[in-house]
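Let's take a friendly walk through a ligand site, one residue at a time. Have the viewer ready and follow along.

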Amino acid sequence: MDAAEKKVRAFVRVKPTADFAQDMIKFGPDNKSIDIYIKKDARKGVVNNRQTDWSFRLDGVLHNASQELAYETVAQKLMSDALVGYNGTIMCYGQTGAGKTYTMTGATAEYKHRGLIPRAIQQVFKAIARSVDSFITVRISYLEIYNETLFDLLSPTTSSATGDVPMAVVDCPRGVYVKGLSVHPVSHEEDALNLLFEGETNRVIAEHSLNKNSSRSHCIFTIYIESRCRVFSDVRCINSKINLIDLAGSERLSKTGSEGQVLKEATYINKSLSFLEQIVIALADPKRDHIPFRQSKLTHVLKDSLGGKCNTVLVANICGEALHVEETLSSLRFATRMKWITTEPVINVTCDPEETVRALEKEIILLKQELAMHNNLVNRSLVTYDPLTDVQIAEIKSQVHKYLQGAIDEIDIMNIRQVQEVFKQFKLIVRQQEHEVEARLRSKYALIDKNDFAAIAAAQKAGVVDVDRHLMGKKDGQEFGTRTTPVSPKPDGKKKKSRKSSEQSKKEGTRSYLSGREVAAPLPSKSQVTIPTRDLDVKERARSEDTANTDVQPSKPASAEGSQRPSSPPSKPVAFEQFKEECGSEISRIFKENKSILLARKKRSSTVARRINFIKQEMEDIKKALEAQRQERWQQGEYVDEKGHLIIDENEFLLIMKMKDLKEEYRSAYAELQDLKAEIQYCQHLVDRCRNKLVAEFEIWYSESFLIPAYAQKALKPGGNIRPGMIPINRVMCLGGWQRNAGGQGAESSYLETHLALTLAFPWRGQNRTR
Ligand code: ADP
Ligand code: MG
């Protein structure tokens, strides 16, 4: 669309006359300009001072132009635009007798002199006849505005005075329309022409019966075009409205010399046209935001038909005689002003929702038929496009489960519905898994809302929660304070068992979605994950002065995997002290307890051993004393009673009795020593385990407190530990305390939660480190 098309187009049509003022009216060589020259009249002194030359540049000058050329120049483009959805307005302006009606309607007597309206109708119906894709309907209305009254020239009641229904100009979101104006559907060109003639006839009848002067009324012949696409899915409806307006004569009131009724009419005409002129000036001014369309019926009716979204064309009809030069100038000025109005025509498209649904349903049926045909051609006769049945859904569910178990390598894609159902089943499994993990956490640990102060206080009282409100005890309250440690960050031989267990868990992890029990599979067994305080509660709780901590030291920071991290974590000995005081306090306490028990056992063992040695010595001494007694008795001669029993003296008897007691004492001390040895061995084992656990947990805590974000990222990287179908990481984040600060303050607070959550989520966590 070029720049010229963005303005209202204006043409001038000169009525042919024998008295054409050749000296006064000159046309430019390109037929787009018209110059008016008025000779200075010596007799009229006043006129002498006035401007005498005018030049008007328009879109075309129609001089001695046939009706056909007039149509082609003025209306053809506008009408073809109307057929694709643009609104259009053609307006004839000029003094009475200048040829407005001739231009618009034409001479009814001769076919070749027919005007713009019959030719426009013809173009529309020719287009309909050619149209293949669209279903076009045409409707027509014919409105007359006379003395600010609306007349329906096609209404059956028009002949009987003003009609029964009072007509009114109504604004609505879709545009302006005249309420009560009859709109007539027409399916043939002749029908439309008949309506035009009928309107013209009604106008003439009214002229006589109502004593109207037809030159003083405005007539608006409107063609409504509605075009629907014949393609199924395209339910767009294109609408356009073409106003063909034969305005009342624009001659000045002073010139008519009218009086009485005629004067009233002339005043109305001028008023109405001067409002039109005001509107035209306002529309041409881009700074004007209010356009007073409602000032007159004519301007109100034409509200959405002048410029704007509407293709607009003006024809200024002028008489060529010198006599009418003032009116000619006036009409040319109006035409020039019209050209200032900008237009931005848009296609009027609407979509009827019901129609859309109907069309889409039709298209679905058609497409299904097409698909069925296509499937038959490629031997895919089993494919259907209907919603899946319960049996089909169950089959898909089973396939998804098999796929996750590894029983099948892939799921064959059948159709879109099946693919969608596969995704749905995956989603269900993931949700189920999330719930099960959470339920498991809840069943094992009392998860306390951090903001629930009452619950925290109660838990603290019960010793379930530490002062930082994070530690969760087992619900039975018997075994709490130790956390899961399926793997250690430090590789050593002792970890073989747990690694094996983790690997097993990893395998099981792929099918852990199946049931709650299998979800639990990655969880380390009780014996692996906890050191129940009950086990440590051995018979004797001898407290030792030994702090039992000096022999437990974490690895040096230099060897820590996080040594290359940008943050500066505290040194490990410092961190270790912090760890023992805070989240590692429980395991540290157990370690201390075990250690003190071990020491007590060892002490007791050495006491017993010493005692045994003492007894042994005593027994040796008594043995020697008895031997001496025997020697003495044998040398002195032995005494025997009447039954032949040897008689010994009291001293020897006492020695023998003591020897007996010592033997007994020796036996029991020896037994105790044996027991103590076994206990010491057991306690030593516990202490070793505790020591390892303490160090291992510290290492994990240290890594997670100061270094874990990178570690977690590592697990999340492609090829990392997290596989599709496992717990979403955000879920883990929710459960754990990932949001700890890097400085370690409060880092331990959610340690157990995090670790447990991580253990559940990544049962093989840490394996990479041990490999
Ligand atoms: P208006 O409607 O402007 O009052 P009309 O269209 O009734 O004027 O024209 C007045 C007369 O002039 C009519 O008889 C009409 O046939 C004739 N006339 C107007 N314009 C032309 C033209 N371009 N060629 C031939 N006759 C014309
Ligand atoms: Mg006329």
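A98 has a relative accessibility of 2%, so this residue counts as buried, the cut-off being under 20%. Keep in mind as you look that the model is predicted. A98 sits in the loop that runs between strand 6 (87–94) and helix 4. Leaving aside residues up to four places away in sequence, A98 touches K15, N317, I318 and C319.

A98 also meets the ligand: one of its backbone N or O atoms lies 3.3 Å from an oxygen atom of ligand 1. The backbone of G97 takes part too, with a polar atom 2.7 Å from a ligand oxygen. For Y102, the corresponding distance from a polar backbone atom to an oxygen of ligand 1 is 2.6 Å. On its own, ligand 1 would expose 550 Å², and the protein buries 66% of that.

Now step back to the whole shell. Around ligand 1 you will find R13, K15, P16, Q95, T96, G97, A98, G99, K100, T101 and Y102.

K100 belongs to helix 4 and counts as buried because its relative accessibility is 6%. A polar atom of the K100 side chain lies 3.0 Å from the backbone oxygen of Q95. Beyond four places in sequence, K100 has contacts that include D246, L247 and N317.

Finally, the unreviewed UniProt entry carries a "binding site" annotation covering G94, Q95, T96, G97, A98, G99, K100 and T101.

How values were computed: Residues are numbered from 1 along each chain as its sequence is written. Chains are lettered from A and ligands numbered from 1 in the order in which they are written. This is a predicted model: local features need pLDDT of at least 70, side-chain atom pairs count only at pLDDT 80 or more; totals for chains, interfaces and linings use all residues. Side-chain values use heavy atoms; hydrogens and water are left out. A residue is near a molecule or strand if one of its heavy atoms lies within 4 Å of it. A polar contact is a pair of N or O atoms within 3.5 Å; within protein, one must be able to donate a hydrogen and the other to accept it, and residues adjacent in sequence count only if both atoms are side-chain atoms. Accessible areas come from the Shrake-Rupley method with a 1.4 Å probe; for residues, only the protein chains shown count as cover. UniProt positions are given in the numbering used here, feature names are shortened, and annotations may be inferred rather than shown by experiment. Helices (H or I, at least four residues) and strands (E, at least two) are DSSP runs, numbered from the N terminus. Buried means under 20% relative accessible area, exposed over 50%, partly exposed in between (1.4 Å probe, protein chains only). Contact means heavy atoms within 4.5 Å.
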